[in-house]
Amino acid sequence: MRAAWREEAITQNEIAVESRDPERVLAGQQALGAIQRALNSLPERTRVIFVLYRLEGMARKDIAESFGLSVSAVEKHIAKAMKLLMALREDWQ
């Protein structure tokens, strides 16, 4: 049973692998650059709070304590960053 599952998983993974053609790589690099520029355009505190929450997985309560803010204020910073990134995403579509 395990061998059959393993064989099926390997086969499915081989099918699911997308090619790394130059156009896709360039598009990914451009998208990453746009995200980086958008995040850098945010006020430093907002950017740091967003990174701590979304990328580092830090709890909103812990962020609030380390910045001397309320959890609500932290949520507003996160929302501001998300709004900017969602607008950027809409431009791509």
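**Exercise 1. Find which helices supply at least two residues each to the lining of the largest pocket.**

Solution. Start with the terms. Helices (H or I, at least four residues) and strands (E, at least two) are DSSP runs, numbered from the N terminus. On a 1 Å grid over the protein atoms alone, a pocket is an open set of points where a 1.4 Å probe fits, with protein on both sides within 12 Å along at least five of seven lines; lining residues have an atom within 4 Å of a point.

Step 1. The helices are H2, H3 (44–55) and H5. H5 gives the most, with 6 residues.

Step 2. The lining has 11 residues, and Ile-35, Leu-39, Phe-50, Met-82 and Leu-85 lie nearest the centre of the pocket.

Step 3. By class, 9 lining residues are nonpolar, none is polar and 2 are charged. Here Ala, Val, Leu, Ile, Met, Phe, Trp, Tyr, Cys and Pro count as nonpolar, Asp, Glu, Lys and Arg as charged, and the others, Gly among them, as polar.

The model is predicted: local features need pLDDT of at least 70, side-chain atom pairs count only at pLDDT 80 or more, and totals for chains, interfaces and linings use all residues. Residues are numbered from 1 along each chain as its sequence is written, and side-chain values use heavy atoms, without hydrogens and water.

**Exercise 2. List the residues of the largest nonpolar core.**

Solution. A nonpolar core is a set of buried Ala, Val, Leu, Ile, Met, Phe, Trp, Tyr and Cys residues joined through side-chain atoms within 4.5 Å. Buried means under 20% relative accessible area (1.4 Å probe, protein chains only).

Step 1. The core has 8 residues: Ala-34, Ala-38, Leu-39, Leu-42, Phe-50, Ala-81, Leu-85 and Leu-88.

Step 2. Helices H2 (22–41) and H5 (71–92) are the elements that give this core two or more residues.

Step 3. Another core lies apart from it, with 5 residues, including Ile-49, Ala-64, Val-74 and Ile-78.

Step 4. Take Ala-38. Beyond its neighbours within four places in sequence, Ala-38 is in contact (heavy atoms within 4.5 Å) with Leu-84, Leu-85 and Leu-88.

Definitions and conventions
Buried means under 20% relative accessible area, exposed over 50%, partly exposed in between (1.4 Å probe, protein chains only).
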